[in-house]
Structures are given as C-alpha cells and as structure tokens.
Amino acid sequence: MTFPEKLSIPSEVLKIAKTLEEAGFETWCVGGAIRDNLLGVDNHDFDLTTSARPSEVQNVFKRTVPVGIEHGTVAVLDAANRPHEVTTFRKDIQTDGRHAVVEFGVSLMDDLARRDFTINAIAYHPIRHEWRDPFQGDQDLDKKLIRSVGDPNWRFQEDYLRILRALRFSARFEFRIHARTLEAAKANIQGLAQLSAERVRDEWFKGLKTAKKMSKLVTLWRAVGATRIWLPEIGAGSGEQGAVDELPRDPVLISAFLAKDPASLLTRLKCSTKDIERGRAIGLWRDKYPDAKDPIAIRRWLAAVGPYAEDLLALLPAPRFLLPNAVEKIRATNPPLALKDLAVKGDDLIAAGVRPGPDVGEALARMLDEVLEDPQRNTKEYLLSRV
C-alpha cells in the first residue's frame, strides 16, 4: 500500500495537535481512524498520542476530562463539547492479562510496539504529513491480514481481550487471521475467563454490530473456543448459521436466538434486567406461535407475550410473512389485549358487589379472556352483566 501524501484530519483534531506541538510536545494521529481511512472506511474519530504527560495535557488545555488518566488518556473538549482522546506515549511494564501498569515518557516507537495488531500500529503526523509504520501494517492491509505486533502470545497475555478483538476485526473487514496469531489465540483462550463480563459483553455486542456477516463472527468465536468460555449456551451447532444473517442487527436478539437458554447467557454477560427479560420471553415463547389463520389465537398470543411480540416475530421461522400480516391486521382494529384495556376497572366491580381483594383480579382475568375471544364484548354493560 502506498500511503497518501495527506489525510483529511478534522479541524478540531488538527487544532489540538497544533496546540500540543507548539507547546513543545510531539503529537501523532494513531489507531482505528488511521486504519479505516486507509481502507476507505468512513471514520473521523481520530485519536492522538503525544509525548506530553497527562498533567501537561491538562495544563495546555482549559477543558479536559480525565477519562483514563491512570493509563495516560485525557479527553480534550472542542468548541462543540465533543471529546477527543489524547494519550501519552506509553509502554506496558506489568500486566495480569486484564489490567496493565504503564510507563510514560517513552517514544512513539515504544508506543506503537505495545499495540495489538499491525494494522492498528500505524501513525500519521497531522502537521508534517509523515508516516510511521514499523510493523508493516500497510502490507497487512493489502493482504487483508490480522497479525499481532511482535510475539502474539505476549500480545494476548498482556490483555486477553485482544483475542476477541482479533475475531471482531476479522469479521468486520473479512480479513484472515495470521496463522501464528490464530494459533496463539487458541493456545491462550482460557485466559478469557479472567476478563470481566462487561468487557466481554461489549466486545461481543460490538462484533455483532460491525461484522460484515454476523455468522462469520459466531463461527470465529466457536472456532477458537471463546463460546465455550463465555457463551456455552450457544453450543457447537451450526444449523442457525444461515438464518442469523437475515435477522435484525440487534445483539440481544441475536444472542437470544443463538442460545439454548437466552436468559442464562444474558445474565452471565451482566446485561440489563430489561435485556435479560427479553431473553427470558424469547426462550419461553419462540416455539409457541399461533396459527396465522386463527384471530382468537393471535389475540391471546399478543396478550400473553406483551412487549416481546416484535422480538418473537423477528425470530419467526419461515414462511415469515403469514403471521406478521395477520398480526398487523388484528392490531389495526386496536383490540383490547390487557387488563388496562377493559371497559371496566376494579372499582366498577367492587361497586357491583365483588368482594375487594383477589376476587377482583380473578374476575378481571375472566373478563379479559372473554374479550380476547370476542372484542365486541368489551363494553361496560356486558362485562358488569358477567359479575
């Protein structure tokens, strides 16, 4: 690959770089935005790396946020309050596979040498328009190759999340993983157990959102053994591989679709209560669809699944058009589907002589059952006649 003479750098990023350079601090653009621009992928989120220590960056700029100051990262706010990450040149001096202790005051070359993959270890000077590519990342971009910087075993043992990042980049760009890098990923796969659920979840979800084909990411996770560590509910099957690419790009929905026990998987990944309940409903109802020709059954199904109907319709086995069309027709009539839709309330039943307490709830449930069978029955007069 021939590097372009110049990259188009956002004006606010260029302003930050010029301010640091004028203050006497060497500053370069690095990371994903460099990679993506070389690949022709839209990405204007340029990160900067500099010889300035975090305290010096804070002194140079009036408006900063210490987003990761222990690792050398300070966010500089531009005129529109957008943050731009500025990170001090650093190298790892100690790591446990999850967290690294870093040393500041090193060179750009040391900083690039600690990065995960060659395609992410390319630097561009936004003012002098110079390039630094000590690990031939340009060649790997040409070869469509994910290759670790230096010894892949060391790279992964410094931070085991890099194994999952390799899989994400491979699925996103449709790049092959270098043989030694892939071998090291498999050899170090047990290290994934040391990671926090939040980091794994974010990487898995990000991978599903960015993969060219979601099935490719799932295949890679299975192939290296990552599903065995973190997503055992997905198992080793492949029957769903083709179907997963036809689904909405919703990580919670995809995870639930793939898992034998969706709620268990989403709980392990420390998802929100709302997402876990989505998974629980999918696991309960995905094999219990109503007959598309039976409006009563459809109304009862809609009442039972409540807010999870859209998820279940998205996962509907082929043919997929019959039931959604039938549901749409029924919804267009705005039928009563829940207790709140009934023409009578608990107070009405009590006034009609129903004893306060469980009897009221039982009576309302019976009335809803009748109304689901025939929505025309949802009148105050008729329902009170059933007391």
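**Reading the fold and its rings**

Guide: In this predicted model, 63% of the contacts between residues at least 6 apart in sequence join residues at least 24 apart.

Visitor: How many helices and strands are there in the protein?
Guide: The protein has 21 helices and 11 strands. Its radius of gyration is 28 Å, whereas the globule rule gives 21 Å for 387 residues, so the protein is more spread out than a compact globule. The C-alpha trace spans about 85 × 50 × 35 Å along the principal axes. Of the 387 residues, 47% count as buried.

Visitor: Which residues have the most contacts inside the largest nonpolar core?
Guide: As a general idea, nonpolar side chains in soluble globular proteins tend to be buried together. Here the largest nonpolar core has 76 residues, and Ile-34, Leu-192, Trp-204 and Trp-221 have the most contacts inside it. Helix α7 gives the most to this core, with eight residues. Leaving aside residues up to four places away in sequence, Trp-204 touches several residues, including Val-218, Trp-221, Ile-234 and Leu-269.

Visitor: Where do Phe-169 and Phe-173 lie, and are they buried or exposed?
Guide: Both lie in helix α7 (residues 161-173), four residues apart, which is about one turn of the helix. Phe-169 and Phe-173 are both buried. Together with Phe-117 and Phe-175, they form one aromatic cluster.

Visitor: Which charged end sits over the ring of Phe-169?
Guide: That of Arg-168, 4.8 Å from the ring centre. Elsewhere, the charged end of Lys-288 sits over the ring of Trp-285, at 5.7 Å from its centre.

Visitor: In which sense does strand β5 pair with β2, and in which with β4?
Guide: With β2 (residues 47-50), strand β5 (residues 83-88) pairs in the parallel sense over three bridges; Thr-49 has Thr-87 as its bridge partner in β5. With β4 (residues 73-77), β5 pairs in the antiparallel sense over five bridges, and the partner of Val-74 is Val-86. β4 and β5 form a hairpin with five residues between them, and Asn-81 in the turn has a positive phi of about 65°.

Note on methods
Residues are numbered from 1 along each chain as its sequence is written. This is a predicted model: local features need pLDDT of at least 70, side-chain atom pairs count only at pLDDT 80 or more; totals for chains, interfaces and linings use all residues. Side-chain values use heavy atoms; hydrogens and water are left out. Helices (H or I, at least four residues) and strands (E, at least two) are DSSP runs, numbered from the N terminus. Buried means under 20% relative accessible area, exposed over 50%, partly exposed in between (1.4 Å probe, protein chains only). Rings of Phe, Tyr and Trp (its six-membered ring) pair if their centres lie within 6.5 Å; planes under 30 degrees apart count as stacked, over 60 as edge-to-face and the rest as tilted. A charge sits over a ring if NZ of Lys or CZ of Arg is within 6 Å of the ring centre and within 35 degrees of the ring normal. A nonpolar core is a set of buried Ala, Val, Leu, Ile, Met, Phe, Trp, Tyr and Cys residues joined through side-chain atoms within 4.5 Å. Contact means heavy atoms within 4.5 Å. Two strands pair if DSSP finds at least two bridges between them. The radius of gyration is taken over C-alpha atoms; the globule rule is 2.2 Å times the number of residues to the power 0.38.
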